[in-house]
Structure formats: structure tokens, C-alpha cells
Amino acid sequence: MALSNRLPEAVQLQRKAVSLSKDAPLYRLHLAELLIQSGDRDAAKVELESLRRLGGRFDRQAEVTTLLARL
């Protein structure tokens with residue numbers, strides 16, 4: 001978990017990981033979690049909706065649903 005004083009840096013690094021590994025939805029999930037921690041709910045929702053559209057191709061849909069419900 002990112003320390004709050006380094007959260008912006010963690011978000012930036014996770015965005016880079018997502019952009020380099022478009023086929024790694026787990027990176028996108030972690031980005032959404034960091035965005036929620038940082039208070040950027042709109043950006044987190046974009047990431048989570050993208051994961052939700054993957055359906056059965058991403059096995060952590062229950063987590064995605066839970067996080068979307070918290071937004």
C-alpha cells in the first residue's frame with residue numbers, strides 16, 4: 001500500500017505500468033485503488049468500468065463491483 005505522502009508518485013508509476021502493459025488488468029485494478037485513495041473518484045471509475053467490461057476475462061470482477069459500489 002502506498003504511503004499517503006508518496007501517493008501521487010505511486011499513482012504516476014502505476015499509470016505508467018498500465019500504459020506499458022495494456023493486457024494486464026490487475027495493474028489497472030491497482031491503479032483504481034490508488035486513485036480512490038488519492039480522492040480521484042472519477043478517474044477510478046473510468047478504470048473500474050474498463051475492468052467491468054472485461055467480464056469473465058478478468059477473474060476479480062467481485063472486487064471491481066465492490067469498488068464501483070463504494071464510489
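Is R28 buried or exposed? R28 is buried, at a relative accessible area of 19% (buried is under 20%, exposed over 50%, partly exposed in between, with a 1.4 Å probe and protein chains only).

Notes on the source. The model is predicted, so I used local features at pLDDT of at least 70 and side-chain atom pairs at pLDDT 80 or more, while totals for chains, interfaces and linings use all residues. Residues are numbered from 1 along each chain as its sequence is written, and side-chain values use heavy atoms, without hydrogens and water.

R28, continued. I found R28 in helix α2 (helices are DSSP runs of H or I, at least four residues, numbered from the N terminus). Leaving out residues up to four places away in sequence, R28 touches V18, E47, S50 and L51 (contact is heavy atoms within 4.5 Å).

Core. I then checked the largest nonpolar core, which has 18 residues (buried Ala, Val, Leu, Ile, Met, Phe, Trp, Tyr and Cys joined through side-chain atoms within 4.5 Å). L29, L35, L48, L51 and V64 touch the most other members. At least two core residues come from each of α1 (7-20), α2 (25-38), α3 (41-52) and α4 (61-70), and α2 gives the most, 6 residues.

V64. Not counting residues up to four places away in sequence, I list L29, L48, L51, R52 and F58 as touching V64.

α2 and α4. In this pair, L29, E33 and I36 of α2 meet E63, V64, L67 and R70 of α4. By class, I noted 4 nonpolar, no polar and 3 charged residues in the contact (Ala, Val, Leu, Ile, Met, Phe, Trp, Tyr, Cys and Pro are nonpolar, Asp, Glu, Lys and Arg charged, the others polar).
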